[in-house]
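Reader: I'd like to go through this one with you and ask how you know what you say about it. Can we start with the sheet?

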Amino acid sequence: MNQTSNPSYDAVEKAARELAELNRQIDAARATLIRLQPQVAKAKSRVDSSAVDRLVETNKMLVVRALRANADAETATRALHEVSRAAELDSLTKLPNRALLLDRFAHDIATAKRHGARLALLFLDLDGFKQINDTLGHAVGDEVLKWVAHCLTSSVREADTVSRHGGDEFLILLADVCLASDAALIANKVLSALRAPSRIGDQVFHLEASIGISFYPDDGKDAATIIDQADAAMYRAKRERLGSFVFHDNQAMSEGSVESKALESQQPKSDYAQALVENDRRYALLREANERLVMNAIKAQERLAAAVREQ
């Protein structure tokens with residue numbers, strides 16, 4: 001029988017051809033796979049990079065949101081502090097109000113107890129303030145009160161407290177005062193500052209005030225008692241002589257009296273008086289520096305204007 005017509009041979013040959021075709025297809029597929037591998041790696045890299053980018057972007061958003069939340073928290077804290085502080089200050093003069101004064105008074109009393117120190121309280125009431133309100137109006141009266149607040153705060157140390165008690169009444173709490181002459185020094189200084197001519201609006205004022213002075217622990221063991229004693233002394237000063245100061249314990253040491261001057265001349269300067277002198281010196285230096293800055297700024301503006309004109 002001819003080999004070419006043998007059915008078995010034909011089947012083997014066909015299977016061989018099919019196997020060869022499969023091997024060719026496998027080789028082609030392998031070649032295609034090899035060719036596609038870089039593209040697959042690149043695509044995978046892109047997918048990974050995109051995921052990293054999304055992660056970084058998400059992290060940035062979280063950081064931004066955290067910063068915004070922190071900023072909002074700080075803003076809220078500041079607003080709360082300002083509201084709290086505003087509640088402790090007199091709306092007109094921006095001085096501590098009665099509540100804040102009592103809080104500081106309690107703190108200073110506790111400190112004085114521990115160290116065996118004294119406190120002095122000056123109760124000040126303007127003389128003739130009602131006439132200012134009645135004749136010039138409340139707007140002018142308000143400006144006068146603000147000016148009085150400035151005079152009082154510039155007359156004491158930073159450690160002392162000036163408070164508006166109400167209306168035209170002010171309290172000055174002097175911490176760690178050893179001598180009556182220290183309180184007398186402040187009272188004289190305040191009265192002199194008020195008497196100095198001051199222009200408020202279109203008016204020039206020479207203000208007067210009456211001051212009552214009491215001490216812790218001499219005149220009381222608590223803030224309310226000491227305030228009441230100073231208040232009573234202030235009214236006695238008004239009866240005896242307007243524009244003067246009086247101690248609660250019946251020592252009437254009016255401004256300019258022989259007793260007051262003798263006391264100041266005989267006593268060596270106390271720590272309080274020395275601190276007050278140092279405070280005045282720093283204030284004068286600051287004011288002088290500020291005046292120099294203003295003058296330099298004016299000169300600079302004049303030079304600039306001259307240069308512009310020359311052009």
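Predicted model: local features only at pLDDT ≥ 70, side-chain atom pairs only at ≥ 80, totals over all residues.

Reader: What makes strand 1 and strand 3 a pair?

Author: Two strands pair if there are at least two bridges between them. Strand 1 and strand 3 have six, so they count as paired. As an example from this pairing, Asp-125 stands opposite Glu-169 in strand 3.

Reader: What does Asp-125 stand opposite in strand 6?

Author: Ser-210. Strand 1 (residues 119-126) and strand 6 also run antiparallel, with eight bridges between them.

Reader: And how do strand 2 and strand 3 pair?

Author: In the antiparallel sense, over five bridges. Val-162, for instance, has Ile-172 as its bridge partner in strand 3. The hairpin of these two strands has two residues between them, and Gly-167 there takes a positive phi near 60°.

Reader: So what is the strand order of the sheet, and which strands are at its edges?

Author: The order is 2-3-1-6-7, in an open sheet of five strands with mixed pairing. Strand 2 (161-166) and strand 7 (245-247) are called edge strands because each pairs on one side only. From one strand to the next, the twist averages 20°. Helix 6 (residues 223-240) packs on this sheet and touches strand 1, strand 2, strand 3 (169-174), strand 6 and strand 7. The direction of helix 6 makes about 145° with that of strand 6.

Reader: How do you know which faces of strand 3 are covered?

Author: In a regular strand the side chains alternate between the two faces of the sheet. On one side of strand 3 are Glu-169, Leu-171 and Leu-173, on the other Phe-170, Ile-172 and Leu-174, and all are buried. That is six of six residues in the strand.

Reader: What does the side chain of Ser-214 reach?

Author: The backbone oxygen of Ile-226, at 2.7 Å. A polar contact needs a pair of N or O atoms within 3.5 Å, so 2.7 Å falls inside that cut-off. Leaving aside neighbours within four places in sequence, Ser-214 is in contact with residues including Leu-119, Leu-121, Gln-229 and His-248.

Reader: On to the helices. How do you know whether the length of helix 5 agrees with its number of residues?

Author: Helix 5 (residues 180-195) has 16 residues, so at 1.5 Å a residue it should span 22 Å. The C-alpha atoms at its ends are 23 Å apart, which agrees. Its buried residues include Ser-181, Asp-182, Ile-186, Val-190 and Leu-194.

Reader: How do helix 3 and helix 4 pack?

Author: Two packed helices are described by the angle between their axes and the distance between the axes. For helix 3 (residues 129-136) and helix 4 (residues 138-153), the angle is about 140° and the axes are 7 Å apart. Phe-129, Ile-132, Asn-133 and Leu-136 of helix 3 meet His-138, Val-140, Gly-141, Val-144 and Leu-145 of helix 4.

Reader: What is that contact by class?

Author: Six nonpolar, three polar and no charged residues.

Terms used. Residues numbered from 1 in each chain as written. Heavy atoms only, no water. Axes fitted to C-alpha atoms, helices over the stretch in contact; angles between N-to-C directions. Helix = DSSP H or I, 4+ residues; strand = E, 2+ residues; numbered from the N terminus. Contact = heavy atoms within 4.5 Å. Nonpolar A, V, L, I, M, F, W, Y, C, P; charged D, E, K, R; others polar. Expected span 1.5 Å × (residues − 1). Buried < 20%, exposed > 50% of the residue type's maximum accessible area, 1.4 Å probe, protein only. Polar contact = N/O pair within 3.5 Å; in protein donor to acceptor, adjacent residues only side chain to side chain.
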